[in-house]
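Here are some notes to read alongside the model. Keep the 3D view open and find each residue as it comes up.

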Amino acid sequence: MADGAKLKAAVFRATQPEGADGEGDPSAIIEIIEKLQEHPNLIVEAVKNIKARVKDKNRAVQLLALDLLDQCMQSNGFHFQVHVMKKVLPRILKFALPNKGTPQLVNVKCASLIRSWTEYGADGRMADFSAACKELGRAEEKAQLQRAASSTRQGASPPSAGLERERSPPQRGGDEMREPRPQRQGQMAPQVPVVNLEQARENLALMTSMMEADAVNVRSNEVLAEVALLCKGCQVALFNQIGEVTDETQLQEFLTLNDKLTEKLEQYESAMISTDHRQQRAQHISALSGMPSATESQSTLSDGRSFDTSPATDLRAAAEGYNEEDELAKALAESAAMAEEAAKTEQAHAAKQDDLI
């Protein structure tokens with residue numbers, strides 16, 4: 001009980017900003033690490049106390065508590081890491097996710113810890129660390145798409161536009177450098193085709209039904225190839241229209257449908273690769289079956305003399321005529337006959353030994 005109270009006091013001192021630098025007591029950090037190494041039964045209590053400081057309303061306290069948690073993770077090994085994974089990791093992930101109202105410094109610190117803790121996920125017992133890092137990556141990608149859509153709605157140029165202007169080199173004409181020519185009036189710029197959600201859903205449903213109906217002959221199905229090309233065009237068009245969507249519900253529909261199209265197109269490509277492998281294997285087997293047998297190739301001697309041989313047995317016919325139960329019965333009968341013969345030989349040998357005695 002006294003050790004628990006001392007541990008709680010040490011956690012408070014280590015996470016309490018003091019002095020001009022706003023750092024905690026470094027001696028308290030050393031005390032906590034040494035106490036946990038001497039008394040592993042206090043790990044649960046330590047994780048509980050540090051988690052309470054991570055949830056504090058003071059941003060400075062939160063940052064110090066996160067640093068303390070990371071140092072204890074590195075110094076106290078597997079058992080401490082497992083308790084953090086079960087009790088604290090969900091809270092750290094929540095602070096790391098974008099658009100959750102978390103103070104920026106705390107958000108950046110938590111995101112950094114989530115990524116650095118991925119190495120613990122190499123142990124299958126702590127796979128939650130790897131899963132948390134993947135979830136954070138997906139959330140950040142989604143937030144980036146939403147920010148791009150929002151900036152487009154507000155009339156700001158997308159980030160790629162500025163990059164293209166920077167990358168485009170000036171054109172040389174004679175001995176002087178000049179900027180690229182502006183687009184002439186009346187000249188139409190290439191436009192990305194516009195597609196609605198219903199049309200994309202119909203193409204996706206058609207492709208799904210065709211793949212389920214003819215899963216074997218994917219490569220030879222030209223109609224399916226055309227439908228797959230339509231779905232690819234829908235995917236490109238949807239992705240280019242995301243920036244113009246103003247309704248949040250419709251934006252979510254665009255993103256969901258884009259994911260489904262990507263998944264189905266990946267399945268189609270995998271089926272195409274699998275069909276190629278099956279065709280190559282069939283051609284290889286067909287080529288092998290047409291080769292002359294070893295018995296036929298040995299029917300003519302090196303000096304030119306030949307002798308009659310029985311026709312080679314077709315391997316496929318032999319395989320079809322093979323009966324496992326019959327072969328097993330024959331093998332057992334042969335084994336029993338051999339055992340009986342060996343017993344008779346043993347008895348005869350014993351009788352000769354008795355005669356000699």
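Is E23 buried, partly exposed or exposed? Keep that question in mind for the first point. Remember throughout that this is a predicted model.

1. **E23.** The relative accessible area of E23 is 41%. Buried would need a value under 20%, and exposed a value over 50%. E23 is therefore partly exposed. Look for E23 in the loop between helix 1 and helix 2. Setting aside neighbours within four places in sequence, E23 is in contact with Q16, P17, E18 and L64. Now compare sequence and space. E23 and V61 are 38 residues apart in sequence, yet their C-alpha atoms are 9.3 Å apart.

2. **The whole protein.** Step back for a moment. The protein has 357 residues, and buried residues make up 28% of them. Its secondary structure consists of 15 helices and two strands. Consider the contacts between residues at least 6 apart in sequence. Of these, 63% join residues at least 24 apart.

3. **K6.** Go to helix 1, which covers residues 2-14. K6 lies in this helix. Its relative accessibility is 47%, so K6 counts as partly exposed. Beyond its neighbours within four places in sequence, K6 is in contact with E31 and K35. K6 and E31 are 25 residues apart in sequence. From C-alpha to C-alpha, they are 9.6 Å apart.

4. **Q37.** Next, move to helix 2, residues 26-38, where Q37 is placed. What does the side chain of Q37 reach? It reaches the backbone oxygen of S75, at 3.4 Å. Leaving out residues up to four places away in sequence, Q37 touches S75 and N76. G77 is 40 residues from Q37 in sequence, with 9.5 Å between the two C-alpha atoms.

5. **Helix 4 with helix 5.** Two packed helices are described by the angle between their axes and the distance between the axes. Helix 4 contributes L69, C72, M73 and S75 to the contact, and helix 5 contributes G77, F80, Q81 and V84.

6. **Helix 4 with helix 7.** Helix 4 spans residues 59-75. How do helix 4 and helix 7 pack? Their angle is about 10°, and their axes are 10 Å apart. An angle under 35 degrees counts as roughly parallel. The two helices are therefore roughly parallel to each other. On the helix 4 side, R59, Q62, L63, L66, D67 and D70 take part. They meet L105, V106, K109, C110 and L113 in helix 7.

7. **N107.** Stay in helix 7, where N107 is placed. N107 has a relative accessible area of 18%, so N107 is buried. A polar atom of its side chain lies 3.0 Å from the backbone oxygen of F95. Apart from residues up to four places away in sequence, N107 touches F95, A96, L97, P98 and T102.

8. **The aromatic pairs.** The structure holds two aromatic pairs. Take W117 and F129: their ring centres are 6.1 Å apart and their planes are at 80°, so this pair is edge-to-face. W117 is in the loop between helix 7 (104-116) and helix 8 (128-153), while F129 is in helix 8, twelve residues apart. Y120 also pairs with F129. Their ring centres are 5.6 Å apart and their planes are at 65°, so the pair of Y120 and F129 is edge-to-face.

9. **The ring cluster.** Which residues do the ring pairs link into a cluster? They are W117, Y120 and F129. W117 is buried, with a relative accessible area of 1%. F129 is buried at 1% relative accessibility. Y120, at 11%, counts as buried.

10. **R125 and F78.** Finish with a charge and a ring. The charged end of R125 sits over the ring of F78. The distance to the ring centre is 4.2 Å.

Notes:
Residues numbered from 1 in each chain as written. Predicted model: local features only at pLDDT ≥ 70, side-chain atom pairs only at ≥ 80, totals over all residues. Heavy atoms only, no water. Helix = DSSP H or I, 4+ residues; strand = E, 2+ residues; numbered from the N terminus. Contact = heavy atoms within 4.5 Å. Polar contact = N/O pair within 3.5 Å; in protein donor to acceptor, adjacent residues only side chain to side chain. Phe/Tyr/Trp six-rings, centres within 6.5 Å; stacked < 30°, edge-to-face > 60°. Buried < 20%, exposed > 50% of the residue type's maximum accessible area, 1.4 Å probe, protein only. Lys NZ or Arg CZ within 6 Å of the ring centre and 35° of its normal. Axes fitted to C-alpha atoms, helices over the stretch in contact; angles between N-to-C directions. Parallel < 35°, antiparallel > 145°, perpendicular 65-115°, else oblique.
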